[in-house]
Amino acid sequence: MSKPNSNSDTLLVNRLRDGEKVALTELYNTYWQSLFISAHNVLKDREICEDIIQDVFMNIWYNREKLIINISLKSYLYACV
């Protein structure tokens, strides 16, 4: 898996805004595991962590057209979780 960078993150967010479902899949595949581990380190409950991660990605998709991220995508996702 390649490391995300700000240019690819910007392109990914733009693709999300355009409604590309593949972009959501790429975003999920890039970040879900590290987000899950971070949440699990705090909550210690697998099911709750899975629900949180799912909710974050669902909300990103549902709000994709008005998605504005002023920080790094990774930081944004961690803040959401």
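**Note on the helices, loops and cysteines of a predicted model**

1. At 0% relative accessibility, Cys49 counts as buried, and Cys49 is also one of the α3 residues that take part in the contact with α2. The structure discussed here is a predicted model, and the points below should be read with that in mind.

2. A search of the whole structure finds 0 disulfides. The reason lies in the distance: the sulfur closest to that of Cys49 belongs to Cys80 and is 15 Å away, too far for a bond, given that a disulfide requires two cysteine sulfur atoms within 2.5 Å.

3. Turning to the helices, α1 covers residues 6-17 and α2 covers residues 21-43, and their axes come within 8 Å and cross at roughly 135°. The two helices are therefore oblique to each other, and their crossing is left-handed. On the α1 side the contact involves Asp9, Leu12, Arg15 and Leu16, which meet Val22, Ala23, Leu24, Glu26, Leu27 and Tyr31 in α2. Sorted by class, the residues of this contact comprise 7 nonpolar and 3 charged, with no polar ones.

4. Helix α2 also meets α3, and here the axes come within 9 Å and cross at roughly 145°, in a crossing that is right-handed. The residues that α2 brings to this contact include Leu24, Leu27, Tyr31, Trp32, Leu35 and Phe36, while those from α3 include Ile48, Cys49, Ile52, Ile53, Phe57 and Trp61. Taken by class, the contact of α2 with α3 has 16 nonpolar, 1 polar and 3 charged residues.

5. A further partner of α2 is α4, whose axis comes within 10 Å of that of α2 and crosses it at roughly 50°. The pair is therefore oblique, and α2 passes α4 in a right-handed crossing. Leu27, Tyr31, Ser34, Leu35 and Ser38 of α2 make this contact together with Leu73, Lys74, Leu77 and Tyr78 of α4. By class, the contact of α2 with α4 has 6 nonpolar, 2 polar and 1 charged residues.

6. The loop between α2 and α3 deserves a separate look, and Lys44 lies within it. Although Lys44 is not a glycine, it has a positive phi of about 60°, and its relative accessible area of 59% makes it exposed. Asp45 is placed in the loop between α2 and α3 as well, with α3 spanning 46-62, and Asp45 is partly exposed, with a relative accessible area of 29%. The C-alpha atom of Asp45 is separated by 27 Å from that of Asn63, the two residues being 18 apart along the chain.

7. Lastly, Glu65 is found in the loop between α3 and α4, the latter helix running over 73-80. With a relative accessible area of 66%, Glu65 is exposed. Glu65 and Thr25 are 40 residues apart in sequence, and their C-alpha atoms are 17 Å apart in space.

How values were computed: Residues numbered from 1 in each chain as written. Predicted model: local features only at pLDDT ≥ 70, side-chain atom pairs only at ≥ 80, totals over all residues. Heavy atoms only, no water. Buried < 20%, exposed > 50% of the residue type's maximum accessible area, 1.4 Å probe, protein only. Axes fitted to C-alpha atoms, helices over the stretch in contact; angles between N-to-C directions. Helix = DSSP H or I, 4+ residues; strand = E, 2+ residues; numbered from the N terminus. Parallel < 35°, antiparallel > 145°, perpendicular 65-115°, else oblique. Left-handed = near helix turned anticlockwise from the far one by under 90°. Contact = heavy atoms within 4.5 Å. Nonpolar A, V, L, I, M, F, W, Y, C, P; charged D, E, K, R; others polar.
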